Amino acid sequence: MANIAFFATTEAIYNTAKRVVLRGQYTDTFQIFQADIHNAAQMARDVEAAGFEAIVIRSALNKTLCSADITIPIVQCYITIGELMKNFSEAIRISGIRSPHIRFLTVEAQASGISYSIKSCEDLLKVPISLCHVDSTDRLSIYDAVCQAVDQRVDILISSATVYAQFGPCPIRTCCLDGNLADESLANAFRVAKLVAAAIESERQRSRDLMSIIHNSFNAVVHIDHEGRTLILNKVTESDFNLVPGTYDGKFIWDMIPQLDPELTKSVLRGGPDVFGKILEINQSIYIVNITAVHNEGGFRGAVIHFNELERIQRMEAQAKSELHQKGHTAPYHFSDIIGRSEKILDAKYIANEFSKYDATTLILGESGTGKELFAQGIHNNGVRKDKPFVAVNCAALPLTLLESELFGYAEGAFTGAIRRGKKGLFEIAEGGTIFLDEISELDLSGQVRLLRTLAEKCIRRVGDDCIIPINVRVITATNKQLSKLVQEGQFREDLYYRLNVLTVDLPPLRERTGDIQFLTDHFLSNYGKKFGKYFALSEDAYEVMEQYPWQGNIRQLRNFCERLVIITRTNEINGAFITQQLLSAYGDYEPPQIHDFKDSADQFEKQYIQDLLKKHRGSRIKIARELGISKSTLWRKMKHFGILD
């Protein structure tokens with residue numbers, strides 16, 4: 001479909017335009033209309049309404065179309081020097097004089113830049129040529145120009161048919177400019193018009209793309225001018241704030257959304273600071289509002305307001321967390337999930353909580369089953385990296401041949417069986433977050449060297465690759481062995497030991513956590529009871545047996561034993577004999593007589609300890625129970641058992 005119109009003012013121009021259109025294969029682009037100074041304005045409005053993107057005209061119609069109130073561009077067909085030479089030669093022939101005085105009547109829009117061309121023609125043809133500017137719509141000015149030419153003894157006039165149509169028979173010979181219109185000038189104008197139309201379409205496409213981006217935004221977006229009047233808003237805004245399309249153009253944003261403070265918006269429009277994180281309740285929904293000024297090469301262009309619905313953000317955050325959790329790179333546990341009331345575990349939690357505030361390498365020491373990974377997750381979740389990945393690696397669970405490639409990744413073709421495009425290492429996956437290296441003592445010396453370099457230079461190099469990749473991760477390590485002893489034995493690098501041992505958290509074994517065994521037992525029995533639908537109680541002597549056992553596997557062993565109890569128990573209450581039987585069945589190294597002997601000395605020690613605390617706290621059972629990490633009822637039972645009640 002044609003999208004460019006050409007207005008031909010004479011039959012000769014019309015035919016020339018048809019020839020140029022056919023020759024240039026412009027039939028799908030240009031449509032030719034016959035127009036004059038009387039109907040050109042209305043015709044221009046009609047073609048714009050029909051969807052045309054540009055109009056090509058001769059200079060004579062320029063002033064007429066300037067008053068047509070149209071927005072599409074107008075491309076003028078300028079006369080070329082070749083066309084002038086042809087017309088001046090024809091004028092010499094018509095005049096019958098060897099060196100006639102030629103007067104060129106040109107319309108105002110054509111005058112710019114034509115003087116130099118006429119001077120060149122004058123020099124080449126050796127004839128006097130003068131220039132006179134006229135208004136093609138003003139008959140009186142044209143009449144005066146003709147009379148002036150007569151008075152100045154001009155031999156021949158050259159102008160367009162549009163100019164000649166403004167007066168009757170001319171007393172001087174004339175040459176019609178349109179009759180000698182060259183194909184070249186029209187072809188040039190058509191090429192320019194095509195470029196203009198293409199540029200307009202490109203800009204429109206960019207505008208459509210921009211609007212598509214704005215409309216597909218998850219948030220409500222509004223663009224306002226420097227006064228606060230609405231220019232653009234997206235569909236989310238219409239939906240969220242119940243706005244009818246087409247009814248808001250030019251309205252003040254605070255009139256459309258009364259909850260938005262006018263002074264807050266005006267302060268940004270007056271050059272004040274941008275607004276971020278303003279909380280507003282609109283239509284029973286909570287929004288986080290940002291107002292930012294818009295500047296471009298043309299200067300200040302108003303502001304953009306983003307309305308971020310809190311519920312929408314929370315849904316997206318939940319989805320992101322779910323996806324991360326599926327990939328296994330999250331830390332589900334916090335310090336609040338670490339159960340215990342004893343002084344030692346509370347001290348460990350306090351130290352770890354303090355360390356979480358500082359982005360430094362941390363070493364967690366403790367026997368197997370003491371909860372080292374829970375503490376690592378708590379440190380991560382309480383620090384600045386809590387919203388970033390948490391990647392846990394058990395160095396003892398991976399073969400030494402694979403550990404290096406898993407930690408640092410590998411390049412394409414690094415070894416047989418490697419993924420074709422290579423693979424990211426766990427350090428890269430943990431970017432911005434935390435990597436937890438459990439059982440760090442199991443890392444071989446080669447891996448220790450790589451880890452030391454990574455910690456020192458904060459960058460890694462994939463196996464089989466020369467490219468250095470910068471990383472930003474927090475490193476937390478853990479071990480159940482004495483690294484200092486391994487250093488002395490030459491099994492662990494001394495420099496790496498000092499690099500890891502910046503912040504140290506010592507976790508107590510369960511046997512040293514006075515009062516926590518009963519508390520943890522109740523917790524695990526309750527959880528597994530809910531899981532398997534079985535509920536029962538432990539007798540006093542059952543708790544005593546549980547507390548006397550050394551629990552070499554610590555909390556992990558206690559948790560698994562509680563699960564065993566829930567599964568195999570058939571009664572409503574478990575006594576000490578049943579616990580002893582199950583400990584012997586599960587862990588054959590349990591010897592009740594030795595533990596009973598130990599119990600006697602332990603009872604004496606505990607009785608004396610409680611008596612000392614009674615003196616220290618002046619009989620306050622609340623303070624004594626808090627220091628022992630037990631409940632008041634448990635303290636009362638112990639005091640009754642030892643015969644030291646008031």
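The legends below describe close-up views of one predicted model. Residues are numbered from 1 along each chain as its sequence is written, and side-chain values use heavy atoms, leaving out hydrogens and water. Because the model is predicted, local features need pLDDT of at least 70 and side-chain atom pairs count only at pLDDT 80 or more, while totals for chains, interfaces and linings use all residues.

**View A. A salt bridge joins Glu367 and Arg511.**
A salt bridge is a side-chain nitrogen of Lys or Arg within 4 Å of a carboxyl oxygen of Asp or Glu, and by this rule the count comes to 21 salt bridges. In the pair shown, the N to O distance is 2.5 Å. Glu367 sits in the loop between strand 14 (362-365) and helix 15 (372-381), and Arg511 in the loop between strand 20 (503-506) and helix 21 (516-532), so the pair links distant parts of the chain, 144 residues apart. Helices (H or I, at least four residues) and strands (E, at least two) are DSSP runs, numbered from the N terminus. Glu367 is partly exposed at 27% relative accessibility, and Arg511 is also partly exposed, with 39%. Buried means under 20% relative accessible area, exposed over 50%, and partly exposed in between (1.4 Å probe, protein chains only).

**View B. Glu406 and Lys423 form a salt bridge.**
The N to O distance in this pair is 3.3 Å. Glu406 belongs to helix 16 (residues 400-408), whereas Lys423 lies in the loop between helix 16 and helix 17 (426-429), 17 residues apart. Glu406 is partly exposed at 22% relative accessibility. Lys423 is partly exposed at 30%.

**View C. A salt bridge connects Arg637 with Glu540.**
The closest N and O atoms are 2.9 Å apart.

**View D. Asp240 takes part in a network of salt bridges with Glu309 and Arg312.**
Asp240 is located in helix 10 (residues 235-241) and is buried, at 15% relative accessibility. The side chains of Asp240 and Arg312 are joined by a polar contact of 3.3 Å. A polar contact is a pair of N or O atoms within 3.5 Å; within protein, one must be able to donate a hydrogen and the other to accept it, and residues adjacent in sequence count only if both atoms are side-chain atoms. Not counting residues up to four places away in sequence, Asp240 touches Ala220, Asn283, Tyr287, Glu309 and Arg312, where contact means heavy atoms within 4.5 Å.

**View E. Asn283, one of the residues that Asp240 touches, has a positive phi.**
The phi of Asn283 is near 50°, and the residue is not a glycine. Asn283 lies in the loop between strand 11 (275-282) and strand 12 (285-296). With a relative accessible area of 42%, Asn283 is partly exposed.

**View F. Trp551 also has a positive phi without being a glycine.**
Its value is about 50°. Trp551 is found in the loop between helix 22 and helix 23. Is Trp551 buried or exposed? Trp551 is buried, with a relative accessible area of 0%.

**View G. The side chain of Ser159 reaches the backbone oxygen of Leu105.**
The distance between them is 2.9 Å. Ser159 is in strand 7 (residues 156-159) and is buried, with a relative accessible area of 0%. Leaving aside neighbours within four places in sequence, Ser159 is in contact with Leu105, Tyr164, Cys175, Cys176 and Leu177.

**View H. His329 lies in the loop between helix 13 (310-327) and helix 14 (343-355).**
At 17% relative accessibility, His329 counts as buried. His329 and Ile213 are 116 residues apart in sequence, and their C-alpha atoms are 32 Å apart in space.
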